[in-house]
Amino acid sequence: MRVAEIYKSIQGEGFLTGEPSIFVRASGCNLRCWFCDTPHASWNPEGEDLSVAEILGRIELLNVDHVVLTGGEPMLFSEMIPLCQGIRDSGRHITIETAGTLYLPLDCDLMSISPKLAGSAPDPVEHRRWHRRHEQTREQFSVVNRLIDEFPYQIKFVIDQVGDCEDVLAYLKRLPKIDRERVFVMPQGTDQSQLESIGTWLRPWAEAKGLKLCERKQIEWFGFARGT
Ligand code: SF4
């Protein structure tokens, strides 16, 4: 499977914030969010083709107990099934970061689902084909239902505009079995001042709705840099 990067850092988002982790970034995505902060794994996928054994070998060398399988969209790749089995056999904790459009039967300790809202779509004029595909693909309620049934989970919504908040509530209404204690809203942005600016109105809104604010601590700690 094509891998853009494998590196050691600290988890900056969600329930496991602060946990030293190995990040394995699968290269390739079935969506094209305009705000994607990893275009090297979506819009312009890059990286090297690695076997499952090679990925497991690199994880072993980095020697950290938590592994985050991210992308791009890692659930595009069937190699994830033996990869997760191998990581589980090594005794490590597995987080999978996914947009929740695809299902695979695999081992996972935390399914971190980031469903994409209407405001994520790419420009309909500049990227007509991808806009249509993105809109046809991004909402897969039956997949998300299955993921939250089968795995411990967290849900992270990216919020750019006030209007996105209404879309979050509509989404939660469509899937009422989602536990709000497991729902994060995350400011869109790759610089700290932008995150803080959205956070000023998003935090009180989240608290009022019983949701959590996800601060994206990796931006605060390291800035917007690859490999962090
Ligand atoms: S789903 Fe994630 S990786 Fe894919 S385009 Fe959107 S933000 Fe980027």
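When I say contact, I mean heavy atoms within 4.5 Å. With that, and skipping neighbours within four places in sequence, valine 185 touches Phe157, Ile159, Val168, Leu202, Trp205, Ala206, Leu211, Lys212, Leu213 and Cys214.

Quick housekeeping: this is a predicted model, where local features need pLDDT of at least 70, side-chain atom pairs count only at pLDDT 80 or more, and totals for chains, interfaces and linings use all residues. Numbering runs from 1 along each chain as its sequence is written, and side-chain values use heavy atoms, with hydrogens and water left out.

So where does Val185 belong? Val185 is among the residues with the most contacts inside the largest nonpolar core, which has 52 residues. A core here is a set of buried Ala, Val, Leu, Ile, Met, Phe, Trp, Tyr and Cys joined through side-chain atoms within 4.5 Å; buried is under 20% relative accessible area, exposed over 50%, partly exposed in between, with a 1.4 Å probe on protein chains only.

On to the ligand. Around it are Cys29, Leu31, Arg32, Cys33, Cys36, Thr38, Ser42, Gly72 and Lys116, each with a heavy atom within 4 Å. Of these, Cys36 is partly exposed, because its relative accessibility is 24%.

Finally, how many disulfides are there? Zero, searching the whole structure, for sulfur pairs within 2.5 Å.
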